[in-house]
Amino acid sequence: MKRFAVWILVGTAHLACADTPTAPDAGARLAIEVAPLALPGVGNAEYTLTVVNLAGETVWTRQIDSDGYGDGAGSISYVGSCDADSSPNAVRLTLDALYDTSAALIDPATYANPTASGPLSRTVACVADADTPVTFDLTIARAAQQGFFDVAVSFDDLFCSAKLDCGDTTAPEDDLLLLHDAGGARATTVVVGFACTGGPTRDTWLYLDNLRIDCVGGVGAPTLVDVSQLGNVADLDAAPGANPDGYLFAAAVYRGNEQLANKSYWNVALGLDRTRFAALGACTLSGQGTAASASLDAMTTPDSSAYPFIAWNAVLSDGAGRVCTRHAVDQGDEVATRYASAPAVQFQHEYARATGLLTSCGVEICASGLDEDCDGLVDEPVVADDFDGTALAAIWTTDPVGGLPTYTVAGSTLTVTDAPYATTPSSPTQSWIYDLNQDQGNQLTWPQAIGTGDFDLTADLGWSSSIAELTLGGVALTNAAGLIEVLVGFSDGGSTAYGSPVVRVRSPTNAYGGTAAVSGSASFRVTRSGGDLSVTMNGVEVLAIPGYGADIAHVAIVNVPHRSGASTYPFGTMTYDVVNVCY
């Protein structure tokens with residue numbers, strides 16, 4: 001699988017171009033480059049380039065090839081104008097044909113054209129006298145010259161094969177009999193196969209989603225097979241797996257490496273309970289996988305590329321019996337190469353051939369644009385407040401700890417200007433938080449049963465506290481008893497110096513203090529991933545605790561003024577712009 005890029009630059013000089021039904025701006029242009037394909041045996045590539053303005057009018061369109069406008073091996077360069085008076089413009093690219101080094105047409109059936117169903121399109125802000133780069137990054141899946149199942153395609157310099165194998169015919173006597181049913185006998189089994197090799201010099205990463213089966217006559221919830229398992233799946237109903245219809249009597253996952261040509265494989269056997277066929281009707285298998293020669297960021301295809309992946313979509317059985325037979329990749333719709341462009345495709349599991357390491361979905365990260373926890377939702381903060389409007393969400397004030405602060409909500413900011421003195425068990429004559437094992441301060445709380453699982457909290461806040469003012473405020477994660485497990489915020493507890501941003505952890509006791517100043521702001525992020533705690537401030541890790549097991553029950557906004565006996569001190573100002581938690 002080879003990648004090539006189209007670069008589009010909107011520039012300042014006027015350059016002529018062909019086929020312009022609308023008048024482009026004389027000061028705006030598109031400089032288009034396609035990098036070399038690097039596909040073995042490709043001598044020339046033909047493309048059609050089209051620019052369309054905001055009104056839907058064609059600015060220009062032209063077919064060009066790499067012999068006339070490039071290096072003769074797939075690379076092209078072309079300069080044309082765009083319409084700044086009707087911006088943005090759409091730039092469209094179609095791969096029309098590939099030719100070998102003898103100028104013979106390469107059979108389109110031997111590669112999957114990412115533009116076969118329509119041109120790739122990018123939106124360009126066409127501005128006079130300005131440069132705007134736009135990238136098309138395509139990857140061509142081409143039929144390999146070797147295979148190890150039935151048919152193979154090349155992925156990112158890797159040769160891959162995929163299949164669904166159910167039997168030579170739909171006759172029961174042709175069933176694959178691999179897995180053992182409840183009675184101990186081998187019974188109807190279908191096999192999902194996926195394997196790739198990079199040859200002796202290339203490494204391999206495989207990506208695969210949990211397999212899904214939807215039955216027309218089922219309870220409505222899908223059957224799911226967790227492909228991160230290895231060997232027999234002991235409990236088909238253990239999350240994230242599910243077998244609500246009893247459609248499967250067993251499942252097994254086989255994953256590993258072969259010495260031959262550095263091949264890696266990821267196969268899944270599914271035992272189908274024939275006694276459920278009549279009641280469940282048509283049952284359709286779906287899944288997807290891909291491969292790469294380097295680890296994909298967040299297990300996600302590049303969002304600027306047309307990146308190939310394998311999609312399984314096949315009816316396994318219906319009320320009359322088994323429907324699927326033997327299905328090799330790109331020999332039908334049951335197992336086929338598809339292209340991910342916009343939006344990108346994210347996979348649930350990654351297998352690295354060199355290390356044997358399996359990586360699966362983790363904690364959801366707010367505002368990443370990805371689905372890290374693989375629940376089908378993107379950036380779904382369970383707690384999310386950007387303090388829009390003029391009132392604080394009622395959930396914060398339903399069950400407070402201590403007293404409510406004096407606050408306003410305006411301009412997407414919660415501003416706290418005062419708070420009542422807090423009960424302080426560790427020092428009853430004072431108001432402060434000294435001992436996290438006893439002192440709770442004043443808390444606006446939002447119950448969230450994070451428990452001991454992974455989470456991702458982000459909080460943007462600011463502060464102002466003069467020498468005369470003593471101020472403690474921030475965002476906390478608390479346990480069921482209301483004790484603060486983690487606090488990120490600001491602490492000014494001295495009457496002769498300014499305060500500073502702080503991080504405090506109850507157990508194991510740990511803390512961080514930043515640079516003192518009369519005022520400031522910070523973006524904090526607190527994550528627990530794989531049981532390890534990390535706290536960053538403005539993108540820099542300031543505290544890390546491995547094996548952090550606190551049981552989290554609430555998100556809280558904490559504000560405490562200081563009192564020492566009869567001596568009282570004014571509270572400064574705390575501002576809160578964003579509080580998000582994903583788990």
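This is a predicted model: local features need pLDDT of at least 70, side-chain atom pairs count only at pLDDT 80 or more; totals for chains, interfaces and linings use all residues.
1. Strand β32 (residues 455-464) is joined to strand β43 by 9 bridges, and the two run antiparallel. Here strands are DSSP runs of E, at least two residues long, and helices are DSSP runs of H or I, at least four residues long, both numbered from the N terminus; two strands are said to pair if DSSP finds at least two bridges between them. Within this pairing, L457 has V581 in β43 as its bridge partner.

2. Residues are numbered from 1 along each chain as its sequence is written, and side-chain values use heavy atoms, with hydrogens and water left out.

3. Strand β43 (residues 573-582) also takes part in a pairing with strand β29 (residues 413-418), to which it is joined by 3 bridges in an antiparallel arrangement. In this case the residue to look for is T415, whose bridge partner in β43 is T575.

4. Another part to examine is an open sheet of 6 strands with antiparallel pairing, in which the strands follow the order β31-β40-β33-β34-β35-β36. Because β31 (443-451) and β36 (510-513) stand at the edges and each has a single partner strand, one side of each is left without a neighbour in the sheet. From one strand to the next the twist averages 15°, where axes are lines fitted to C-alpha atoms and angles run from 0 to 180 degrees between N-to-C directions. The partner of β31 is strand β40 (residues 552-561), and these antiparallel strands are joined by 6 bridges; for orientation, Q443 stands opposite V558 in β40.

5. For the protein as a whole, the count is 43 strands and 2 helices. Of its 583 residues, 51% count as buried, a label given under 20% relative accessible area, with exposed meaning over 50% and partly exposed in between (1.4 Å probe, protein chains only). The protein exposes about 23,400 Å², of which carbon and sulfur atoms supply 51%; such areas come from the Shrake-Rupley method with a 1.4 Å probe, and for residues only the protein chains shown count as cover. Among contacts between residues at least 6 apart in sequence, 68% join residues at least 24 apart, a contact being heavy atoms within 4.5 Å.

6. Which residues have the most contacts inside the largest nonpolar core? They are F387, W396, V475, L533 and Y576, in a core of 39 residues; a nonpolar core is a set of buried Ala, Val, Leu, Ile, Met, Phe, Trp, Tyr and Cys residues joined through side-chain atoms within 4.5 Å. Strand β32, discussed in the opening point, gives the most to this core, with 5 residues. Apart from this core lies another, of 38 residues, among them V192, V253, L270 and W312. Returning to V475, and leaving aside residues up to four places away in sequence, one finds that V475 touches residues including L457, L461, V555, Y576 and V579.

7. The structure holds 3 disulfides, each counted as a pair of cysteine sulfur atoms within 2.5 Å. In general terms, a disulfide is a covalent bond between the sulfur atoms of two cysteines. One of these joins C160 to C196, with an S to S distance of 2.1 Å, and with 115° about the S-S bond this link is right-handed. The pair links distant parts of the chain, since C160 lies in strand β11 (residues 158-165) and C196 in strand β13 (residues 186-197), 36 residues apart.

8. A further disulfide joins C166 to C324, with an S to S distance of 2.1 Å, and this link is left-handed, with -105° about the S-S bond. Here C166 sits in the loop between β11 and β12 (176-180), and C324 in the loop between β22 (321-322) and β23 (326-328), 158 residues apart. C166 is buried, with a relative accessible area of 0%, and C324 also counts as buried, at 1% relative accessibility.

9. Finally, a disulfide joins C215 to C283, and this link is right-handed, with 115° about the S-S bond. Since C215 lies in strand β15 (residues 211-215) and C283 in strand β20 (residues 283-292), the pair ties together parts that are 68 residues apart in sequence. Both C215 and C283 are buried.
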